[in-house]
Amino acid sequence: MTMRLLTSAALALGCLLNSACAPVVVGGAVATTAGVAHDRRTTGSVVEDTAITRRVNSALHADQELHDNSHINVEVFNGWVLLSGEAPTEALRARAGELARAQDKVRRVFNEVTIAAPSSAMTRSSDTWITTKVKTWLLGRSDTEGTRVKVVTENGVVYLMGLVTREEAERISEVAADISGVQRVVRLFELVN
């Protein structure tokens, strides 16, 4: 029973922390977000990233063939777009990248969509669990700013996004690589001084 409770708590925490910004309740009122206090992006950039995410998702959804045959996730950090998931053909994979690049304010696109059938619910659940473990470890360490990092897992591959120093990038990557279930770590960091 205790293990089930811990697992449920970790999953709930993971759901909240899957985004770089988790809501915080202070004295009965919702504060902006916990992540914004430590986020190196400007508030305008955070808002724009949300808008870019919506525009890219909308464009992908509007392409009926792409929508019906693919499983594509969109994450945005400081104008950098990560596309992950699966598409059945190279043509659909490339089309997803083109649709993302065509959106206003997109600075860079990382098209990490693999050519494969859409992943199973079991694989997606495992990926969510890996993301939760990575975020939990990052937040529990005093030498890393876990709130500054967006963690995305697709088929055991962990993608790390954020504005970090070179030293932070090394530490964060090492932490992520040591988590059980992680097959590979892909650093998509924008380095700052």
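Two strands are taken to pair if DSSP finds at least two bridges between them. Helices (H or I, at least four residues) and strands (E, at least two) are DSSP runs, numbered from the N terminus. The structure is a predicted model, in which local features need pLDDT of at least 70 and side-chain atom pairs count only at pLDDT 80 or more, while totals for chains, interfaces and linings use all residues. Residues are numbered from 1 along each chain as its sequence is written, and side-chain values use heavy atoms, with hydrogens and water left out.

**Overall composition**

- The secondary structure of the protein chain comprises 7 helices and 8 strands.
- Of its 193 residues, 45% count as buried, a class that requires under 20% relative accessible area, with exposed set at over 50% and partly exposed in between (1.4 Å probe, protein chains only).
- Contact means heavy atoms within 4.5 Å; among contacts in the protein chain between residues at least 6 apart in sequence, 63% join residues at least 24 apart.

**Sheet β3-β4-β5**

- An open sheet is formed by 3 strands in the order β3-β4-β5, with mixed pairing.
- Strands β3 (71-77) and β5 (108-115) stand at the edges with a single partner strand each, so one side of each has no neighbour in the sheet.
- From one strand to the next, the twist averages 10°, where axes are lines fitted to C-alpha atoms, for helices over the stretch in contact, and angles run from 0 to 180 degrees between N-to-C directions.
- β3 runs antiparallel to β4 (residues 80-87), and 7 bridges join the two strands.
- Within this pairing, Val76 stands opposite Val81 of β4, and Val74 has Leu83 of β4 as its bridge partner.
- The hairpin of β3 and β4 has 2 residues between the strands, and Asn78 takes a positive phi near 55° there.
- β3 is mostly covered, as 5 of its 7 residues are buried.
- Helix α3 (residues 43-62) lies across β3 and β4 and runs at about 160° to β3.

**Sheet β6-β7-β8**

- A further open sheet of 3 strands has the order β6-β7-β8, and its pairing is mixed.
- Its edge strands are β6 (149-154) and β8, each of which pairs on one side only.
- The twist in this sheet averages 15° from one strand to the next.
- β6 and β7 are paired in the antiparallel sense over 6 bridges, and Val151 stands opposite Leu160 in β7.
- Helix α6 (residues 121-140) packs on the sheet and touches β6 and β7, with its direction at about 155° to that of β6.
- Helix α7 (residues 166-177) also packs on the sheet, touching β6, β7 and β8, and its direction makes about 160° with that of β8.

**Ala96 and its surroundings**

- Ala96 lies in helix α5 (residues 90-101) and is buried, with a relative accessible area of 0%.
- Not counting residues up to four places away in sequence, Ala96 touches Leu60, Leu66, Ile72 and Leu83.
- Leu66 is 30 residues away from Ala96 along the chain, and their C-alpha atoms are separated by 7.6 Å.

**Cavity and pocket**

- On a 1 Å grid over the protein atoms alone, a cavity is a set of points where a 1.4 Å probe fits but cannot get out, and a pocket is an open set with protein on both sides within 12 Å along at least five of seven lines; lining residues have an atom within 4 Å of a point.
- Grid points are joined across faces, edges and corners, and a volume is the space filled by probe spheres set on the points.
- The count comes to 1 cavity of 30 Å³ or more, and the largest cavity holds about 30 Å³ of space.
- The lining of the largest cavity consists of Phe77, Asn78, Trp80, Met161, Gly162, Leu188 and Glu190.
- The elements giving two or more residues to that lining are β7 (157-164) and β8 (184-191).
- By class, the lining of the largest cavity divides into 4 nonpolar, 2 polar and 1 charged; Ala, Val, Leu, Ile, Met, Phe, Trp, Tyr, Cys and Pro count as nonpolar, Asp, Glu, Lys and Arg as charged, and the others, Gly among them, as polar.
- The second largest pocket contains about 160 Å³ of space, and its lining includes Gly85, Glu112, Tyr159 and Arg184.
- At least two residues of this pocket lining come from each of β4, β5 and β7.
- The lining of the second largest pocket has 4 nonpolar, 4 polar and 4 charged residues.
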